[in-house]
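Hi everyone, thanks for coming. I'd like to walk you through one structure today, so let me put it on the screen.

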Amino acid sequence: MSAPNPTSQKSMRTPLGKVRALGASHSGTSDFWRQRLTAVAMILLMIPVIVIVMSLLGRNQAFATQTLGSPLVAIIMLLFIVASVWHMKIGMQVVIEDYVHDEKIKLVSIIANNFFSIAVGLASIYAILKLSSGV
Amino acid sequence: MALSIVHRATGVALYFGTLLLVWWLVAAASGPAAYAHVQAFTGSIIGRLIAFGYTWALIHHMLSGVRHLVWDLGYGFKASEREWLTWAALIGGIGLTILLWIVAYVIGGGR
């Protein structure tokens, strides 16, 4: 580090103060918070989602399409999908970081986790939107 | 208590189980033939077992997660409280799963 330059110094916080509580990932506790936020969201959505799934048991595709494509059901499903893929992405990353110690395999695993979670989320969202638009 | 690893294991199971959810939704969006494939699978013995396991994993993970939320808020750390929360998650998870499937068979059987 070079000597402090008074003109570029915009903050009075010390270097230690800037990194405190950010941890090794440099992004702080945002994942911790989002994991709890999405968990609470899914607890609230659990009963409506169970009711939706139960209402579709034994029904054919036409009935499922009609139900899943109706606005309230579609919005509940979209909220649940976003919360769950976000939650599972963070959760799997924690599992990977805990058990995979080889840096290369860890990197590949984390990339695969992101790809899987985003693909699952986007495919589900696409399906719900397609059912909603009635195409 | 060994239940924290069960929380992780059910989480990982649910992670890969989302493939079933995606398959169901995409099939519904694809058409009657694709949807019939999903129904044939979920109607088979192996499909039913996977769906039952998935239900339990979901309910258990949720109740076990509530336990963690209680701890995050700073409550329930006494030995007796920890024991109570753990047993509640374990028994509640199994009980609710069976109850949901009884309801599902009552509803589904009438169609």
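Let's start with T67(A), which sits in helix 3 of chain A. Keep in mind as we go that this is a predicted model. Is T67(A) buried or exposed? It is buried: its relative accessible area is 15%, and the cut-off for buried is under 20%. If we skip the neighbours within four places in sequence, T67(A) is in contact with S55(A), L56(A) and V73(A).

Over in chain B, have a look at A104(B), in helix 4, residues 79-109. A104(B) counts as buried too, at 15% relative accessibility. From the C-alpha atom of A104(B) to that of G93(B), 11 residues away along the chain, the separation is 16 Å.

How far can we trust the model? For chain B the mean pLDDT is 93, with 95% of its residues at 70 or more. The model as a whole scores ipTM 0.92 and pTM 0.87.

Now to where the chains meet. How many residues of chain A are in contact with chain B? There are 37, and they touch 30 residues of chain B.

What about polar contacts across the interface? The rule finds seven residue pairs in polar contact between chain A and chain B, with both residues at pLDDT 80 or more. On chain A, at least two residues of the touching side come from each of helix 2 (30-56), helix 3 (61-68), helix 4 (71-99) and helix 5 (103-133). That side of chain A divides into 24 nonpolar residues, nine polar ones and four charged ones.

On to the charges. Side chains of opposite charge can pair when their charged atoms come close. Over all chains, the structure holds three salt bridges, and two salt bridges are found across the interface of chain A and chain B.

One of these pairs D72(B) with R36(A), with the closest N and O atoms 2.7 Å apart. D72(B) lies in helix 3 of chain B, residues 45-72, and R36(A) in helix 2 of chain A, so this pair joins two chains. Both ends are partly exposed: D72(B) at 37% relative accessibility and R36(A) at 24%.

Next come R8(B) and D98(A), whose closest N and O atoms are 2.6 Å apart. Since R8(B) belongs to helix 1 of chain B, residues 3-30, and D98(A) to helix 4 of chain A, this pair joins two chains as well. R8(B) is partly exposed, with a relative accessible area of 23%, and D98(A) is partly exposed at 37%.

Finally, K106(A) forms a salt bridge with E103(A), at 3.6 Å between the closest N and O atoms. Where do these two sit relative to each other? They are three residues apart in helix 5 of chain A, so about one helical turn separates them. K106(A) is buried, with a relative accessible area of 19%, whereas E103(A) is exposed, at 57%.

That's my tour, and I'm happy to take questions.

Definitions and conventions. Residues numbered from 1 in each chain as written. Chains lettered and ligands numbered in written order. Heavy atoms only, no water. Contact = heavy atoms within 4.5 Å. Salt bridge = Lys/Arg side-chain N within 4 Å of Asp/Glu carboxyl O. Polar contact = N/O pair within 3.5 Å; in protein donor to acceptor, adjacent residues only side chain to side chain. Helix = DSSP H or I, 4+ residues; strand = E, 2+ residues; numbered from the N terminus. Nonpolar A, V, L, I, M, F, W, Y, C, P; charged D, E, K, R; others polar. pLDDT = per-residue confidence, 0-100. Buried < 20%, exposed > 50% of the residue type's maximum accessible area, 1.4 Å probe, protein only.
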